[in-house]
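Please examine the model below together with its sequence. The paragraphs that follow lead from the chain as a whole to its backbone details.

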Amino acid sequence: MAESKTLDHGFGPLYSERSEILILGSFPSVKSREAQFYYGHPQNRFWRILRARFDPETERQLLAGEKIDPPGTLEEKKALILDHHLALWDTIERCTITGSSDSSIRNVTVTDIPWILEQTQIQRICCNGSTSYRLFQKYSRKRMEEACRKLGRTCPEVLLLPSTSPANAAWSLPKLYAAWREALELQ
């Protein structure tokens, strides 16, 4: 059995000043910590969903039930995020965790959401899964609202999206894609 460890996030947010949608995970998985980048587990469906969202041929393949691959390189993943005015980060900066288990998360230090709002044009925050959303609501929402008042800006809307984790087997890839596709569109 894996032991609990107190860990720092290990890598910072991916964003640009043009980012309009912030996608928040909970805390990096073991595979993501090893890769030093987001959604590093090969079975996580995050990168497949984003690739389909912004590539019509990949979307067609996904909806037809064909196998699709995630972007192949770290540079391709970063470009997919930045070219589409997205940002990636996690709700938690530091915590005690056992392996990759969200349910084991304790002793939380949250990321600085007000800081990223000052750096970007974030209009929507998409929480990837219930743990990210619950921890955001508990620790970050009030700080975000206070920061938005001070900045004189409208607070981003915050959405709970189904987790792209392979542990969320109840959601098929097409069903996940439908939920995520809508959330990644700004009016």
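**Overall build and local backbone**

Of the 187 residues in the protein chain, 44% are buried. The structure is a predicted model. Its C-alpha atoms occupy a box of roughly 45 × 45 × 30 Å along the principal axes. For 187 residues, a compact globule would have a radius of gyration near 16 Å, and the value for the protein chain, 16 Å, therefore agrees with that expectation.

The secondary structure consists of seven helices and seven strands. Along the sequence, these elements follow the order β-β-α-α-α-α-β-β-β-α-β-α-β-α. Among contacts with a separation of 6 or more, 72% join residues 24 or more positions apart.

The surface may be considered next. The accessible surface of the protein chain amounts to about 9500 Å², and carbon and sulfur atoms contribute 48% of this area. The chain carries 25 positive and 23 negative side chains, with the centres of the two sets 6 Å apart.

Most residues other than glycine have a negative phi. Glutamine 36, however, has a positive phi near 60°. Glutamine 36 lies in the loop between helix H1 (30-35) and helix H2 (46-54). Its relative accessibility is 41%, so glutamine 36 counts as partly exposed.

Asparagine 107 likewise is not a glycine and has a positive phi, of about 50°. Asparagine 107 belongs to strand S5, which covers residues 106-110. Is asparagine 107 buried or exposed? Its relative accessibility is 61%, and exposed means over 50%, so asparagine 107 counts as exposed.

Key
Residues are numbered from 1 along each chain as its sequence is written. This is a predicted model: local features need pLDDT of at least 70, side-chain atom pairs count only at pLDDT 80 or more; totals for chains, interfaces and linings use all residues. Side-chain values use heavy atoms; hydrogens and water are left out. Helices (H or I, at least four residues) and strands (E, at least two) are DSSP runs, numbered from the N terminus. Buried means under 20% relative accessible area, exposed over 50%, partly exposed in between (1.4 Å probe, protein chains only). The radius of gyration is taken over C-alpha atoms; the globule rule is 2.2 Å times the number of residues to the power 0.38. Contact means heavy atoms within 4.5 Å. Accessible areas come from the Shrake-Rupley method with a 1.4 Å probe; for residues, only the protein chains shown count as cover. Lys and Arg count as positive and Asp and Glu as negative; His and the chain ends are not counted. The place of a charge is taken as NZ of Lys, CZ of Arg, CG of Asp or CD of Glu.
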